[in-house]
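Here is a short briefing on charged side chains and how they pair. Please look over the sequence and the structure first.

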Amino acid sequence: MGKSDRDPRELIPLKPDVFLILSILARGVRHGYGIMQAAHTWPGGGMEIQAGALYRRLKWMMAEGLIQEVRPVNRSEDPSERKRDYGLTPFGRLVAREEAKRMAGLLAAARDAELVPGAEGA
Amino acid sequence: MGVYLRRWLLGAICAGYEVFLRSFPKAFRDQVGEDISLAFKQGCGSALEGAGFIAAIAYAWRGYKDALKEGFAERRASPPAPYADRAKTRNHTVDNLFLDLRFSLRALRKRPVFSGIAIFVLALGIGSATAIFSVVNGVLLKPFPYPDVDRLVVLWNSNPERGQDEYRMAARGFFELQRSTSAFSGMAVAAGATANLTSPDLPPSRVNGSLISADFFQVLGVQPVMGRSFRPEENLGEHRVVLLSHSLWADRFGGDPEIIGKRIEMDGIQVEVVGVMPRVSLPMGGSSLSLPGPDVHLFWRPLDYDQAWISQFAAHVMAVVARLEPEAGIFQARQQAASVALSLVSGDQAPEGEEILVRPLKEQIVGDIRRNLLVLFAAVGLLLVLACGNVANLLLTRAKDRERELAVRAALGAGRPRLVTQNLMETLILGSFGGLLGLALARWGSSYLVGNLPENLPRQSEIGVDGSVLLFTVGISIGASLLAMLVPTVRIVGREAVGGLKESGRGATSGIGKNRTNRAIVVGQVALATVLLFAAGLLFRSLQTLSRVDPGFRSEGVTIAQLMLPEMKYGEVGQVMSFYDQLRERVEALPGVSDVAFAMDHPLQTTWWNGIRLLDRAPPDPEESPIAIFRPVSDRYFETVGIPVSEGRSFDSGDRFSDHPVMLVNQALVQRYFNGESPLGERIGFTVGRNIWGEEAPTTFEIVGVIENVRFNGLRMPSEPAFHIPMHQFPYGAVKLLVRGSGTIGDIPGLIQDQVWAVDPDLPVTNIRTLDQVLAEVMAQDRFNVLLLQYFALVALTLAAAGIYGILNYVVSQRKPEIGVRVALGAQTSSVLGSVVVDALRLGGLGLGIGLVAGLGVSRFLEVLLFEVPPHDLLVISGVCSVLGLVTLGSGVVPALRAARTDPMDALRPE
């Protein structure tokens, strides 16, 4: 429905976990539990996203056109292993980049205020 | 095995998750429900594999919360499905639950009296149980602040042959244990101590503490938060170092962060602070090892092994704490301790029959109180069950009222599960409100309890409403609701839906037999009330007997104050004497004071046992070396405390400076060691060693008088052999000042304080109490038990009465048409009245009978708390019977009058 014509800045600022999911998916397609695992070990702290919260975010992100379901290449035949994979849409990538830009600006301001340790020479 | 257990646990957790997942709307679940479950399962599985059982539970807990929170958020965010759609979906439990919740709230609001009574009854039960649980939790369940506390043990001497329970060890036993046992990884000692803290800008204060071996805290596993603990060499010779408790440091020294290395004045000498302990309960060596709360000011100083009273080995002053080797069990420790005890006895280094006890520290601290607390906890448990019974009864009665409504709803298609759910919902709402109100009651009750607890209850500072208490309240609220609704539910499930419509038709009567369940509950209530009343009655009688026991002295009008003369300031015996004399002179001059004396212990206190030798005759049992309680007292002591001298003379001022050491013994000593013959003029020898001034005490004393027995060890214990020596012949720095006054002298504590400070402005006066207070403290535990059980019995009785009243009222209203017919046909008022009262008595009688049998069974467990009252005391039994008879009659009268006043016209009028 023409979501890709939207201004990505409409959705900014993103919730931290949404931004994290976008960053994870920017590196490649993952299924739900894969996202949870990646979130846990993500550089810069990492967070525990619970399954319920994750799937609500995913639903919202799909509705906003940030991500889409991806048909995996080699689908397992075991029904318990069958699950959806998610990937970034071009619009989602735009939004993530926009949010990253915003956060970079914030970080620069924090550095000016000497809130970032060991960043003098940067 | 572990694999199966893990798989089972994971399965159970995931099954639980499915339930919480239902908080998501159905559409959402249809879409990604399986994915969510799978992701949760994988996450939980990896937590279980990676970090273990606890981590998995924690993960599950977070997952459950998340599902609940997100599910309801999603529900709010997504528009509800159109009604037609909703009707089509079979699975709409959650929607129904909300509907039921609203319906139940409305139903409960419509019957405010019913709801109010039910909530109040539940709150009473839940509140009482929670209040007692907060005590049980604090005293018994909360962990001790020491690592691996189960390996900590305490060692005592005991001598079963002489009926001596447990007493402190002498140095000889301790060193021998240290040398020749292998079951302990560490063994430390603590001896009780006190000190006067003085500083230029604060009033002097007396602080309790312990003299400890250097490894004491290492054995406990507690490190100082600041500074260091003691070094082993500090146990040899006098080292002026001290460790402060956290509260002493914070309160007295303002939490000075630079305190380490500073010098403070204790007993007139400068002592260096080497460390501050963390803010936890730490043990204090006294006559038994106690565990004061973290707010109590304490200090620790190194025990000087070279000091005379230690090196002489004889004084039993040491509480020994040890940690078991990881491989050693307490059994092995006991075996080794027993062999040490045997070798000491056979080497003539310990009296015949002396044994060494090894007790777990936990048991030592809370062991004695455990039983009492559990009895109380059982009592509140019964009370809660009673309350549930009452609510069940109310629910049943109401279910009857609502039979038509239920039948109509059932006829309109409400399935049984739906009816049950709704019932459950109502009861849970009642339970939640009851729980909330109960919690408020418990908070109040628990602070009331803490204010009234007997002083000997350990770990009082741990008592309060915390997370586990809250969890307990939630748990019992749900449990009580479920229990209360068990019977009504069975009724709903078991009955024919159509029956309700049929039954409530005109002219139907509910016979007595039909209320069998309600009646059984009432009988049960009466029975439980009987048990509690019986127990309360027995304890009350026991307390009465105890308070009639003659302690052997006259407590009224006697005030006690504790003094502690520091050896540094009072370096010579003469100074102590002159202090005593000056103080006595000043206090005696106060108006209304009739007698003044000093003593090491007050009459209800025993600190020292000593071995004695009979010099003029053979001991009655050559195998047994005599031992007796050692009590130094001043002249006028027996007159001040009111202990009669039955033979010979009392101490007088002439004994002070005489070279002729004399003593007074009690009747118990005469009975045990002199076969009851007059001991006057005979001599007794004993060695007590040196006092703190290094003076050698005399060793041979002539008996000049015999006094009546005094219950030194508390009112429950018979008198033990004891001997008194004049304090002036062997003075101590730590003494009690005893003053007898005529009662009209006003502020005695203030006056005593002034007089002491007039003689020595640096001397703190502590623990000023009347002897009556001391006596009351001795009975505090008994009084407390009675207070609580009386409360329970009263509540139980109220509940039972309400139960009887409720059921009879209900029966009468059900039988209204029948009674109407009978009255119309000419039945006498008295016969109608009688039939209801007989019904009440039948219920009461049956309950009473069952309760008495159960009570007699239970009372055997109470026997340990009873003092000279048989568990089947007839007075108590008859008292219980008459109280319950009256209550039954009373609660039956109102419904009976209502029945008798039935107007036949009114009763027979069509609905």
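Predicted model: local features only at pLDDT ≥ 70, side-chain atom pairs only at ≥ 80, totals over all residues.

Over all chains, the count comes to 31 salt bridges. Side chains of opposite charge can pair when their charged atoms come close.

**Between the chains**

- A salt bridge brings together the side chains of A:E48 and B:R62, at 2.6 Å from N to O.
- A:E48 sits in the loop between α2 (32-41) and α3 (51-63) of chain A, and B:R62 sits in helix α3 (residues 53-77) of chain B, so this pair joins two chains.
- A:E48 is partly exposed, because its relative accessible area is 33%.
- B:R62 also counts as partly exposed, at 33% relative accessibility.

**Within one helix of chain A**

- A:E99 and A:R102 form a salt bridge, with their closest N and O atoms 2.8 Å apart.
- Both residues belong to helix α4 (residues 90-112) of chain A.
- A:R102 and A:E99 are 3 residues apart, about one turn of the helix.
- A:E99 is buried, with a relative accessible area of 1%, whereas A:R102 counts as partly exposed at 33%.

**Across the sequence of chain B**

- The side chains of B:R584 and B:D635 meet in a salt bridge, 3.4 Å from N to O.
- B:R584 lies in helix α18 (residues 573-588) and B:D635 in the loop between β17 (627-633) and α19 (637-641), so the pair ties together parts of chain B that are 51 residues apart in sequence.
- B:R584 counts as buried, because its relative accessibility is 6%.
- B:D635 counts as buried too, at 7% relative accessibility.

**A positive patch on chain B**

- Four residues, B:R102, B:R106, B:R109 and B:K110, form a positive surface patch.
- One of them, B:R109, is placed in helix α5 (residues 93-110) of chain B.
- B:R109 is exposed, because its relative accessible area is 64%, and exposed means over 50%.
- Patch members such as B:R109 have no salt bridge, as the patch rule requires.

Terms used
Residues numbered from 1 in each chain as written. Chains lettered and ligands numbered in written order. Heavy atoms only, no water. Patch = residues over 30% accessible without salt bridge, like charges linked within 9 Å, V, L, I, M, F, W, Y side chains within 5 Å. Areas by Shrake-Rupley, 256 points an atom, 1.4 Å probe, with all protein chains shown as cover. Lys, Arg positive; Asp, Glu negative; His and termini not counted. Charge placed at Lys NZ, Arg CZ, Asp CG, Glu CD. Helix = DSSP H or I, 4+ residues; strand = E, 2+ residues; numbered from the N terminus. Buried < 20%, exposed > 50% of the residue type's maximum accessible area, 1.4 Å probe, protein only.
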